[in-house]
Amino acid sequence: MGGYGDVRMIDENGLRMDGRKPGDVRPITIETGVVPVADGSCRMVWGTNEAIVAVYGPMEAHPRKIQRQDRAVIDVAYNMAPFSTTDRIRPGFNRRSREISKVTKDALESVVLLELYPRSKIRVSIEIVSAEAGTRCVGLTAASVALADAGIPMTDLIVSVASGKVNDVVVCDLNKEEDNYGEADLPMGVLPNSGELVFLQMDGNLSPEEFKQAWDYNVDAAMEVHKLMVKALKGGDN
Amino acid sequence: MSAPTVPNLLRAHLSDLALNDARLDGRSKFEGRELKLETGILPRAEGSAKVTMGDTIVLAGVKFQLMTPYSDRPNQGGLMCSCEVRPLAGRHWEAGPPSPESIELGRVVDRGIRESGCIDVDDLCIIPGEKAWQVILDLHAISDDGNLFDAFALAGIAALRSAIIPAERFEVGEDMPLKVSKKPIMCSYHKVGGRFVYDASYKEELGGDERIHITLGDDDHVHSLQKGLKGIFTADEFAEIMEHAKVRCAELRKIVD
Amino acid sequence: MNSRPVGQLDNMSNESNAGGPRDSRRTLVVVPGEDLGVSEGIEAGHGVLVVDDRIISTKQGRMSRKGNTISVDPLHTRYMPRPGDLVIGHIEGCTNNIWFIDIGAPFNSILPMSLGPAKVEFGGTRKVLDIGDSILCRVQEVEETHQSVVTMKGMGLRKIRSGALDELDPHLLGRLIGKGGAFLREMKMETDCRIVVADNGRLWIDGELSNILEVRRRINSISSEARVVGVDA
C-alpha cells in the first residue's frame, strides 16, 4: 500500500489519531458579519482550517466584456494567505487557487438566482488564513453562508465535505495527516434540502464499495454541518 | 485598486466639519478609533497578530525560512515584509497582481521595522556564509475602513514580538523566541477638509488629500516617513502632527507587549 | 398528509406567545433553501420560490405572511431600483447628452439631457451637472435587462448643493421613518434639520452643522442597534 503503509492512522479500536470515529467531522464554528465593510461575510473555523469570506454586490459588472445581458456573473477569488500553511506560500499567481476559484464559482452559480440581476457581478472573496486539509470545502461552505448573509437569493445553501481513505479505511473529513498519507480524497458539495450535488472532485483510488461509503459519509456529514450553518444564520437561538 | 468617484458634497462637508473642529464620526481631530490587539491567533504562523480599529481589521503572520546569506553580508539573515491587499478587504480592492497601493503599504511598514533595528540580522545567522534565518512578515487586510497603514504596522510589530523561531522543524537547534528589541510604532495623518487628522476612516480618506506616515522608535527617534497622495503641506503642519505622534506612539507602545 | 415541517408557522407563533406578548420583530428567521410549507392556496411573495408544490425560501430573512402571501424580508440587502423610487445619485460620468448616475444599485442609471434639470446646450452637460455632483432624482424606468433611467423632472427634484449625505441600509429605512413617518417627523422637529430619505438608503441632511451631527449620531445608533438585533434576530 504505497510507501506509507506503515503509518498507522487508525488504532485497534477503529478510532483516528484525533480520536474521531471514521464518520465524524472536526469541530466547526461559524460566524457571520465578520467583515464589516462587506455586504455579507462569514468566518468558518473547521478543525484548524480557518476561512474568511466576503461578498460584495450585486454591483455593476466591470469590465464590460464580462457582463451578461441575461444574468449576473459570480467572480470568485480563492486564496491561501502566505502564513496559512507550515511552509510559507509565495503570494501571486497559482494554478491550484485558480482551479479552486473556478469550481467554487461553478458550484455557487448553480444555486444563486443569477437571472434576477442581469449585467451585474457578485464578488466572492475567499481567504484561507489557516489551512489544515479540505480548504476548498471550507471555502465553498463558508461562501454559501456569506452569500446568504449578503441577502443574495439562492435556492439552497451548499455544504461541502470531503471523505477519503487511510490505512484502507474510509474516513470522513480528512485532517492534515490523513490527507498527506491518505489514499483517496472525495470532496463533494451537497444541497442539504434536496440532497442534490453541485460540486464533485476526486483523486486517488477507491473500490466501488469504498466509494459508496465515502459518498454516504459526505452526505450524512453535510446534514450535520448544515444544522450549524442554519444556526449561525438564524442568530444561534432559533 | 479602483478609484471611486468622490462626491463633491462629501468634500464640502468635510471642509465644513474642519472649520468647526469636528469629524464625520464625532471624534476630535487627533482621536483614534477604538483599538484592539490580539496575538497568537493563527495556528500555522510562527507569530501572529490581529488588529481591530473601528471597522478596519488586519492580520499579520510571521513565517521563517532558511536562506543562504548574501555573499557581501555572510553573517546576516534577512527580514522581509510583504503586503497584498486582497479583494476581501473592500469594494475598491481588486484581484490581480499587487496594486501600487498594496506595495506602498508593505514597503512603508517594512522600512519602519527594518530601520528601527528592532531585529538584529546578525542574530539570524546560523552558519556564516551558509545558513541563516529569513524572517517574513506577511500583512493581510480583512476589512478596510481606512488607515490600513497604522493597523498593519501595529499588527506587524506585535506579530514579530510573539514569534518563535521553528528551529526544531528545520533541524538547526532548539525553538526560541525571535529577539525583537524595540517597538517601532507608526502614526498616520490624513489631510481632511484642509487640516490633518489622525486615524482617518475610509470616508475621510476618500474625501481627503495627502497623507503622512510617521514611524517612531522607542526613544522618539524617527525611523520612517512617507508622504502619499496629491497635496501640499507646510512645515508648521508637520511639526504639529509630529508632536502628536510622539504622544500617541508612546501610548501605543504600551499596548504592544 | 406528509411529515415535512409544514407547521412551522404555528410552531413560530407558539414559541413567541410562550414568552408573553408578541413582539413583531421576533418573527421567524429563515435561511435559503428552507421549506416553508405547501404552496397550495398560498401566493408566493418576494424572497420565496415554489418548487414541487412547496414554498422554499431563497433568502436569509424574516418570513412574513400577509393574507395568503408568504414572503421573506431579507435581513441585509442591496438596493434594487423600482420605477417611481426617489433616489440620491452621484454623477459618475457624462457624454454630450447623457449623464451616468451611480444610484447604489447593482447597475447604474442614465439621466438623458431631456430629463435633466435645465435646458442644456449640446455638449454643455458638465456645466449643468458635473462629475461628483449629487442629485435628488426619481427612477423613471427599469428595463428587464436592468438598463435604467432616472429623471429630474418633478416636484422637489434637484441638484443637492448644501448639507451632508449619509447612508443607511435600505432595509433599515422603515425604522428611521417610523409608523406613518412619526419617527422621522420627530427627528426633523427636534434637530431642526431638513432630512430627505431616499429609497436607495441615502439620506440628505441639511441644517446647522451641529444639528447635522446630531442626526448622524441618531442614524448611526439605528445602524448599530440593527447589528445587535440581527445577532439574536
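Modeller: Happy to! With 238 residues, a compact globule would have a radius of gyration near 18 Å, and chain A agrees because its value is 18 Å. That radius is taken over C-alpha atoms, and the globule rule is 2.2 Å times the number of residues to the power 0.38. This is a predicted model, where local features need pLDDT of at least 70 and side-chain atom pairs count only at pLDDT 80 or more, while totals for chains, interfaces and linings use all residues. Residues are numbered from 1 along each chain as its sequence is written, with chains lettered from A and ligands numbered from 1 in the order in which they are written.

Colleague: What box do the C-alpha atoms of chain A fill?
Modeller: Roughly 55 × 40 × 35 Å, along the principal axes.

Colleague: And how many helices and strands are in chain A?
Modeller: Chain A has four helices and ten strands, counted as DSSP runs numbered from the N terminus (helices H or I, at least four residues; strands E, at least two). Along the sequence the pattern is β-β-β-β-α-β-α-β-β-α-β-β-β-α.

Colleague: What percentage of chain A is buried?
Modeller: 57% of its 238 residues, where buried means 20 or more other C-beta atoms, placed from the backbone, within 10 Å of the residue's own.

Colleague: Switching topic: how many residues does each chain bring to the contact between A and C?
Modeller: Chain A gives 30 residues and chain C gives 24, with contact meaning C-beta atoms, placed from the backbone, within 7 Å.

Colleague: Which element supplies the largest share on the chain A side?
Modeller: β3(A), with four residues.

Conventions
Contact = placed C-beta atoms within 7 Å. Buried ≥ 20, exposed ≤ 12 C-beta atoms within 10 Å, placed from the backbone.
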